[in-house]
Amino acid sequence: MAIPTVKDRREILQQGADILAQVLVPHGFHFSMVASGGSSGGAFAQGEFVRGDRKLELHLRWSLGLVTYHIGAQKLAHEDYMRALLGRSQAGHYPLCSDDPLAGFEALRQDLVEHCSDFIIGTGEQFRQCIEKHRHYESLSPLQKMEFGAA
């Protein structure tokens, strides 16, 4: 198996962005490649969908990794957003384990469609409430967090 190059990572990120564009572009978001290169962890690429003060940040190395939502100065990682929104850990479709580097983008697209309308077209109030719920979650003890995840 060949070691992926920066070009490979940029191409996969663009293909993944094309999957997400189906949901985001009709609502005024635009995609741009932000960074790419090599590091001790291998080749990577980073991009973002932006509309006004909203941004969906995407990081790709071997597969889709960190996904972060921003509204103004407030931000929330995808897993934290889904936990706050849906009431339990690992409630969304993304992240998932797959050998297909585009599978994560498909799963994220499904979460966007099913759960993220406030981020995409809403006022952002629900997103801000999720940030508050996440702050509360972060204040819990490890045992309380385990109980939360089992709900």
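Q: What is the relative accessibility of serine 39, and how does serine 39 count on that basis?
A: At 37% relative accessibility, serine 39 counts as partly exposed. Buried stands for under 20% relative accessible area, exposed for over 50%, and partly exposed for values in between, with a 1.4 Å probe and protein chains only. The model is predicted, so local features need pLDDT of at least 70 and side-chain atom pairs count only at pLDDT 80 or more, whereas totals for chains, interfaces and linings use all residues. Residues are numbered from 1 along each chain as its sequence is written, and side-chain values use heavy atoms, with hydrogens and water left out.

Q: Where is serine 39 placed, and what does serine 39 touch?
A: Serine 39 is in strand E1, residues 30-39. Helices (H or I, at least four residues) and strands (E, at least two) are DSSP runs, numbered from the N terminus. Not counting residues up to four places away in sequence, serine 39 touches Phe44 and Arg61; contact means heavy atoms within 4.5 Å.

Q: How many Å separate the C-alpha atoms of serine 39 and histidine 27?
A: The separation is 35 Å, for two residues that are 12 residues apart along the chain.

Q: Which residue follows H2?
A: Glycine 87 follows H2, and its phi is positive, near 85°.

Q: How do the axes of H2 and helix H5 cross?
A: H5 covers residues 125-138; the axes of the two helices come within 8 Å and cross at roughly 95°. The axes are lines fitted to C-alpha atoms, for helices over the stretch in contact, and angles run from 0 to 180 degrees between N-to-C directions. H2 and H5 are therefore roughly perpendicular to each other. On this scale, angles under 35 degrees count as roughly parallel, over 145 as roughly antiparallel, 65 to 115 as roughly perpendicular and the rest as oblique.

Q: Which residues make that contact?
A: From H2 they are Asp80, Tyr81, Arg83, Ala84 and Leu85, and from H5 they are Gln126, Phe127, Cys130, Lys133, His134 and Tyr137. They divide into 6 nonpolar, 2 polar and 3 charged. Here Ala, Val, Leu, Ile, Met, Phe, Trp, Tyr, Cys and Pro count as nonpolar, Asp, Glu, Lys and Arg as charged, and the others, Gly among them, as polar.

Q: What does leucine 85 touch?
A: Leaving out residues up to four places away in sequence, leucine 85 touches His115, Gln126 and Cys130.

Q: A change of topic: how many disulfides are there?
A: The count comes to 0 disulfides, where a disulfide is a pair of cysteine sulfur atoms within 2.5 Å.

Q: How far is the sulfur of cysteine 116 from the closest cysteine sulfur?
A: That distance is 8.8 Å, to the sulfur in cysteine 130, which is too far for a bond. Cysteine 116 is buried, with a relative accessible area of 0%, whereas cysteine 97 counts as exposed at 81% relative accessibility.

Q: Where is the cis peptide bond?
A: A cis peptide bond joins tyrosine 94 and proline 95, with omega at about 5°. Proline 95 lies in the loop between H2 and helix H3, the latter spanning 103-115.

Q: How many residues has the largest nonpolar core?
A: The largest nonpolar core has 34 residues, and Leu58, Tyr69, Tyr81, Leu112 and Phe119 have the most contacts inside it. Such a core is a set of buried Ala, Val, Leu, Ile, Met, Phe, Trp, Tyr and Cys residues joined through side-chain atoms within 4.5 Å. The largest share, 8 residues, comes from H1.

Q: What does leucine 112 contact?
A: Leaving aside neighbours within four places in sequence, leucine 112 is in contact with Leu20, Val23, Leu24, Leu56, Tyr69, Ser117 and Ile120.

Q: And leucine 108: buried or exposed?
A: Leucine 108, which lies in helix H3, counts as buried at 0% relative accessibility. Leucine 108 and leucine 20 are 88 residues apart in sequence and 7.7 Å apart in space, C-alpha to C-alpha.
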